Amino acid sequence: RDAAEIDAMVQDKFQYVLGAQLYGMKQPDDFKKVSYDRLKDYYPNMDIVYFDMGRNYSVLMNGKGESREIQLPGNLGLGEGKPEHQNHLLKFVRGTKLQVIDVNQDFYIEEAFKMPNLLEAFKKDKNIKLIGIPEDIFTEDFKEIGRYAAHADRTFASTVQRTLNELGMRMHYGHPDVFDMDYVRQMGGVSKASYVNEDIFSGYNILLLGKRVEFLEFMRAGKGREVGFPTVFGLFKKFGSGAMQQ
């Protein structure tokens with residue numbers, strides 16, 4: 001097969017969606033919009049989903065500039081930013097499995113090759129509706145604060161999750177986890193818009209409805225953590241606020 005045929009097959013099987021809620025509001029010379037447009041040049045098969053605030057429309061735009069629109073009953077921003085952001089773009093997601101990737105995450109190519117093995121776990125047990133994997137914090141060497149943030153994150157995303165999984169009570173770390181989309185579409189999305197720690201409520205839903213959340217450690221995603229004092233302070237403030245809400 002030639003490259004064009006292979007590319008068409010990949011587009012049929014996979015979808016790469018970037019959620020950029022405020023894309024439609026940015027001026028052409030805004031650095032964020034310039035960055036998004038550059039990403040479209042790099043990845044022509046990538047879709048961008050944003051919110052048209054002037055008309056209250058959800059918009060999906062592909063790499064060719066073609067768009068699809070869905071009218072909303074009102075303004076999108078009713079709850080917390082990130083969960084609204086995630087659930088906003090779900091209406092445009094097709095397929096049976098969804099991996100949620102955060103803005104500061106990436107995959108090493110050798111790790112990405114393990115995805116078929118991870119997806120097999122869904123077949124092993126039909127009650128598994130969410131699979132989580134640990135992260136490799138690659139900003140650990142960025143000053144002492146970066147080392148502190150990496151240690152805290154790695155402890156929570158490995159040792160703690162491993163223990164909870166063995167006890168059968170792991171909830172959901174949020175990303176880079178993989179959802180069963182057939183299930184998610186029936187339970188109101190992957191996040192709860194009213195909460196700061198939005199993603200763990202997916203785990204609550206799944207376990208309370210008698211299903212399973214699995215944690216696998218043969219695969220991991222790279223992640224950049226905050227390395228400045230104000231951002232690390234803000235992150236732990238969010239963790240504390242979310243724990244209080246839970």
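This is a predicted model: local features need pLDDT of at least 70, side-chain atom pairs count only at pLDDT 80 or more; totals for chains, interfaces and linings use all residues.
# Notebook: a first look around

I started with Glu135, whose side chain makes a polar contact with the side chain of Gln105 at 2.5 Å. By polar contact I mean a pair of N or O atoms within 3.5 Å; within protein, one must be able to donate a hydrogen and the other to accept it, and residues adjacent in sequence count only if both atoms are side-chain atoms. Glu135 has another polar contact, at 3.4 Å, with the side chain of Lys223.

Residues are numbered from 1 along each chain as its sequence is written, and side-chain values use heavy atoms, with hydrogens and water left out.

**Entry: Glu135, buried or exposed?** I looked up the accessibility, and at 3% relative accessibility Glu135 counts as buried. My cut-offs are under 20% relative accessible area for buried, over 50% for exposed, and partly exposed in between (1.4 Å probe, protein chains only). Glu135 sits in strand β8, residues 135-137. Helices (H or I, at least four residues) and strands (E, at least two) are DSSP runs, numbered from the N terminus.

**Entry: Gln99.** Next I went to strand β5, residues 97-99, which holds Gln99. Gln99 counts as partly exposed, at 26% relative accessibility. Its side chain reaches the backbone oxygen of Pro176 at 3.0 Å. What else does Gln99 contact, leaving aside its neighbours within four places in sequence? I found Phe107, Met115, Ile133, Pro176, Asp177 and Val178, taking contact as heavy atoms within 4.5 Å. I also checked Gly132: it is 33 residues from Gln99 along the chain, and their C-alpha atoms are separated by 9.6 Å.

**Entry: the four-stranded sheet.** I traced an open sheet with the order β1-β2-β3-β4 and mixed pairing.

Two strands pair if DSSP finds at least two bridges between them. β1 pairs with β2 (residues 46-52) in the parallel sense over four bridges, whereas β2 and β3 run antiparallel over five bridges.

How many residues of β2 are buried? I got six of its seven, so I noted the strand as mostly covered, going by the under-20% cut-off. The chain crosses from β1 through α2 to β2, and this β-α-β crossover is right-handed: with the strands pointing away from the viewer, the path from the first strand over the helix to the second runs clockwise.

**Entry: helices on the sheet.** Helix α2 (residues 31-42) lies across β1, β2 and β3 (57-61), at about 150° to β2. Helix α3 (residues 81-90) also lies across β1, β2 and β3, at about 115° to β2. Axes are lines fitted to C-alpha atoms, for helices over the stretch in contact, and angles run from 0 to 180 degrees between N-to-C directions. In α2 I stopped at Phe31, which is exposed, with a relative accessible area of 61%. Phe31 and Gln15 are 16 residues apart in sequence and 25 Å apart in space, C-alpha to C-alpha.

**Entry: the cores.** Which members of the largest nonpolar core touch the most other members? Of its 17 residues, they are Leu90, Leu98 and Phe179. A nonpolar core is a set of buried Ala, Val, Leu, Ile, Met, Phe, Trp, Tyr and Cys residues joined through side-chain atoms within 4.5 Å. α3 and α7 each supply at least two residues of this core, and α7 gives the most, with three. Apart from this core lies another, of ten residues, among them Leu118, Ile128, Ile131 and Ile133.

**Entry: helix α8.** Last stop was α8 (residues 200-208), whose buried residues are Ile200, Phe201, Ser202, Gly203 and Ile206. What covers them includes β7 (128-132), β9 (178-180), α7 (181-184) and β10 (212-215). After α8 comes Gly210, with a positive phi near 85°.
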